[in-house]
Amino acid sequence: MTYALVVVANRLPVDVTVEEDGSTSWSRSPGGLVSALEPVMQAADGAWVGWAGKPDVDVEPFDGDGMRLVPVALSEDEVRDYYEGFSNDTLWPLCHDVISPPEFHRRWWDAYRKVNRRFAEAAAAQAAEGGTVWVQDYQLQLVPAMLREIRPDLRIGYFHHIPFPPLEIFAQLPWRRQVVEGLLGADLIGFQRAGDAANFVRVVRRLTDLTTKGQVVHCPGAEGAPGREVRAAAFPISIDSARFDALARRDDVRARAREIRRDLGDPRVLLLGVDRLDYTKGIRHRIKAYGELLEEGRLDVPDAALVQVASPSRENVEAYQQLREEVELLVGRINGEHGQIGSAAIYYLHHSYPPEEMAALYLAADVMLVTSLRDGMNLVAKEFVATCTDERGVLVLSEFTGAADELGGAIMVNPHDIDGMKDAIERAVHMDAPEQRRRMRKLRRRVLHDDVARWSERFLSFLMDDPPHALAGRGDPGLSEPMTGRAL
Ligand code: G6P
């Protein structure tokens with residue numbers, strides 16, 4: 001059996017548990033991507049190729065949630081070199097403004113190539129003749145070209161969920177050319193923002209001999225064979241907005257939100273941060289600004305409280321371990337100075353929570369703080385907005401997120417500007433109800449309309465409606481102009 005639509009992502013949309021006797025069981029891990037793609041996959045005979053999240057899990061493909069799930073096994077060394085190493089200690093910091101210095105190791109690159117080939121082969125084995133394969137994210141940038149080499153009949157899409165860096169930064173990568181050529185195996189390369197697509201096209205122009213017109217790259221065919229066109233464009237990702245809206249209307253979720261506020265001692269103003277514990281998220285900057293507001297008496301405990309959910313992430317990577325130390329030291333210091341018996345200044349939670357609890361937290365909060373130093377999109381900002389069904393609550397949002405291009409109703413901040421951030425937080429805390437409503441209405445219109453289903457429909461229709469790859473007979477190559485967005 002082969003499949004008309006194959007999604008290839010580093011992670012499968014299910015979590016594996018390995019029992020003591022070596023047997024495996026699976027549970028659903030309902031990320032945004034899977035909820036978007038599930039209906040499309042079910043309608044289209046879909047397969048999902050991905051890693052189970054634990055080393056050495058080598059099991060046969062199986063059916064789950066109306067799609068074929070195809071696990072790709074990674075050894076412990078490969079998890080270290082391909083996932084923790086090249087993906088998360090080379091590419092991740094490189095794509096996020098080198099906030100943490102990227103490490104370049106040839107052994108990691110070798111593992112990245114080898115594992116990308118394994119994903120490409122797995123996808124090639126699942127895809128139907130003339131089918132569509134959609135490759136996801138920075139861990140798999142070589143897959144499009146590897147796949148095209150094995151299966152030239154396929155239509156291949158790639159979506160980059162994180163920022164694509166400016167040429168000056170990307171050029172640091174010793175294997176920059178191979179990565180660009182890997183991506184150019186796709187017919188359509190999607191980015192979060194117009195600026196990311198523009199960065200990519202500039203990189204192509206400077207690092208290859210290929211010609212470009214607008215956002216279209218012309219790849220000549222080998223030995224007289226017809227060439228191909230590769231298009232780059234922005235497709236800002238979103239969330240399952242209706243799901244968060246519905247959660248926020250549930251009686252049990254609303255009761256839980258009231259309970260959270262009560263348990264925190266009913267502060268007049270509850271501030272909230274929700275992030276993976278990642279150095280790109282600006283958690284330290286945010287906490288510093290909040291600490292200074294307390295210091296200066298512009299906020300007081302127990303009048304104000306900050307809940308910071310920092311979910312564990314990539315815990316074997318040193319930069320993440322170091323960040324955890326720094327954040328915990330800072331939280332401890334501020335709580336020591338400003339906390340009281342029964343009322344902390346910061347409630348720091350190093351956990352992950354199910355969507356119901358997240359919705360209750362969003363509902364309970366007065367001010368949501370999203371202060372990333374660099375972020376492809378930031379879905380937390382959109383989840384908060386989708387949850388604010390009563391049109392109260394204020395979003396403070398970093399200019400350096402993809403979401404800032406879309407969420408004009410937020411209070412925008414530069415997280416490096418601590419004084420500016422303090423003023424913005426104070427403004428948010430004191431914002432009157434009519435202004436909150438006006439801003440939230442605008443935000444909600446956008447988030448409820450542009451949900452993740454529209455995102456995937458838009459990408460896939462762009463990919464599939466495109467006439468066949470050959471250059472001959474093509475219409476206007478300027479078709480793929482990126483969505484316009486507010487430049488930073
Ligand atoms: C970002 C990336 C995803 C990744 C997620 C969680 O959102 O764009 O590709 O899956 O972080 O990171 P992890 O390393 O746990 O998969």
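Residues are numbered from 1 along each chain as its sequence is written, and side-chain values rest on heavy atoms, with hydrogens and water left out. Because the model is predicted, local features need pLDDT of at least 70 and side-chain atom pairs count only at pLDDT 80 or more, whereas totals for chains, interfaces and linings use all residues.

The ligand is surrounded by Arg11, Tyr83, Asn88, Trp92, Asp137, Tyr138, Gln139, His161, Ile162, Arg276 and Arg314, where a residue is near a molecule if one of its heavy atoms lies within 4 Å of it. Sorted by class, this shell holds four nonpolar, three polar and four charged residues; Ala, Val, Leu, Ile, Met, Phe, Trp, Tyr, Cys and Pro count as nonpolar, Asp, Glu, Lys and Arg as charged, and the others, Gly among them, as polar.

Of the 370 Å² of accessible area that the ligand has on its own, the protein covers 69%, areas being computed by the Shrake-Rupley method with a 1.4 Å probe.

A search of the whole structure for disulfides, defined as pairs of cysteine sulfur atoms within 2.5 Å, finds zero. Cys219 is buried (under 20% relative accessible area, with a 1.4 Å probe and protein chains only), its relative accessible area being 11%, and Cys388 is likewise buried, with a value of 2%.

Notes. Buried < 20%, exposed > 50% of the residue type's maximum accessible area, 1.4 Å probe, protein only.
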